[in-house]
Amino acid sequence: MIFRAIFLSIVLMCGLNAKMFQSVDVSKGVFVQHGKDKMYCSNCAMSLSTYYKTNHIHKNHQYCSLHCLYDATKGNIPDDVKVVDTNSLKFIDAKKAYYVVGSDKMGTMTYNSKYAFKSFDDAKKFVKKNGGKISNFVEAYEITEEDFLQDLKLLQAKKEKKTYKLGKKLYTKKCEKVNVNSFETISLLKAKLKNVCKTRRDRELQYVAEYLWDVVKKNKVLEAFGKIEYTKHDKCPICGMFVYKYPKWVAMVEVNGKKIYFDGAKDMFKYVIKHKSKIDNKKVFVTDYFSGKKIDALFAHFVYGSNVYGPMGNEFIPFYSEKDANSFRKDHYGMAVYGFLQIIEDKEIMQDIKEL
Ligand SMILES: [Zn+2]
Ligand SMILES: [Zn+2]
């Protein structure tokens, strides 16, 4: 497993785009999406033909991998999925397919590869040659779920080391400027880039798309938010502390036009839970831990039980981006990532944080 992880990262680092096991000629595959982004994964925009043998279809969206299908359906195992039969290259019902998990053949977006087969015999032959274990769709989906954060971390590390830098350079040199906020998905953005960048190489277009989507778009959104404004006199009603001393942690709730400040999300939650009936959940704000920007608490991702403490000890540490929250949770031994409504509705979470 470790060997495979290292091998995958080496291949990712080199950006190997030569013919991979997954790849098929466009003329040999089936592509069901319509529109300009027809040939791109609905979740990550990677080329569907390059990663064809791990393609999945769900609700007329085509995904490069089980990883991307999981990302798009998180937690809810869908029942209308189709997957490519590795041998015939036709789509088959995923629920009737035999998945080979963890063979020596490289995976797509994962170190733990998964290939599907229509017949049990084909799967067995594949295992004999390449190793791996035969599973059904639900098992393969659950393994994807278990591996998800680790795979994401590996992919993110590659992006931060290489993709974003190259993407920025290519965008500056080879592309007409685009307004990233006008695209609904990264695959539509990539389809546009194909027309305005002086490169036809899919890999280069992918770098530019990931740079624009992850870096430029996220920063633009965060910049537009500004910071939570407070004065030297604003005190937390729960603990009595002056909030200006803890700018990284400030939270704020507007109740009937009046702004109430907190020196951390935890005290904000105590207040919100206590005054639930008076509070409009859309008027609750926290500080994004990475950028220091003001974000809506309702859409934030809170890391719970990490080794980073706020002014009041254990905290719910807020992030705008779910990816940031997940990688922070991993790096700082966090126990969970919760949403705003989960924390105010599940009494046990507040109870647990007291007992940490
Ligand atoms: Zn994908
Ligand atoms: Zn407080």
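This passage walks through the fold of a single predicted chain, from its overall layout to a few individual residues.

The model is predicted, so local features are reported only at pLDDT of at least 70 and side-chain atom pairs only at pLDDT 80 or more, whereas totals for chains, interfaces and linings use all residues. Residues are numbered from 1 along each chain as its sequence is written, with chains lettered from A and ligands numbered from 1 in the order in which they are written.

The chain holds ten helices and 14 strands (DSSP runs numbered from the N terminus, with H or I over at least four residues for helices and E over at least two for strands). Its C-alpha atoms occupy a box of roughly 70 × 45 × 35 Å along the principal axes. Of the 356 residues, 40% are buried; here a residue is buried with 20 or more other C-beta atoms within 10 Å of its own, exposed with 12 or fewer, and partly exposed in between, the C-beta atoms being placed from the backbone. Contacts are counted where two such C-beta atoms lie within 7 Å. Among contacts between residues at least 6 apart in sequence, 61% link residues at least 24 apart.

The domain assignment, automatic or from a database, gives domain 1 (2-219) and domain 2 (243-355). Their centres, taken over C-alpha atoms, are 33 Å apart. Each side brings five residues to the contact between them. On the side of domain 1, helix 4 gives the largest share, four residues. By class, that side has two nonpolar, one polar and two charged residues (Ala, Val, Leu, Ile, Met, Phe, Trp, Tyr, Cys and Pro count as nonpolar, Asp, Glu, Lys and Arg as charged, and the others, Gly among them, as polar). Helix 4 spans residues 137-174 and includes Glu 146. Glu 146 counts as exposed because it has 10 C-beta neighbours inside 10 Å.

Turning to the interior, a nonpolar core is a set of buried Ala, Val, Leu, Ile, Met, Phe, Trp, Tyr and Cys residues joined through C-beta atoms within 7 Å. The largest has 54 residues, of which Cys 41, Cys 64, Ala 116, Val 208 and Ala 209 touch the most other members. Elements that each supply at least two residues of this core include helix 2 (66-73), strand 6 (114-117), helix 5 (186-196) and helix 6 (202-225). Another core, of 35 residues, lies apart from it and includes Ile 260, Ala 300, Tyr 304 and Val 337. Within helix 5, the buried residues include Ile 186, Ser 187, Leu 189 and Leu 193, and the buried residues of this helix pack against helix 6. Leaving aside residues up to four places away in sequence, Cys 41 touches Ser 187, as well as Met 46, Leu 48, Tyr 63, Cys 64 and Cys 68.

Three strands make an open antiparallel sheet in the order 13-12-14, where strands pair if DSSP finds at least two bridges between them. Strand 13 (316-319) and strand 14 (336-339) are the edges, each pairing on one side only. Strand 12 (residues 301-304) is joined to strand 14 by four bridges, and Phe 302 stands opposite Tyr 338 of strand 14.

Finally, two residues other than glycine adopt positive phi values. Lys 59, with phi near 50 degrees, sits in the loop between strand 1 (56-58) and strand 2 (61-63). Lys 59 is exposed, since 10 other C-beta atoms lie within 10 Å. Met 109, with phi of about 65 degrees, belongs to the loop between strand 5 and strand 6. Met 109 counts as buried because it has 28 C-beta neighbours inside 10 Å.
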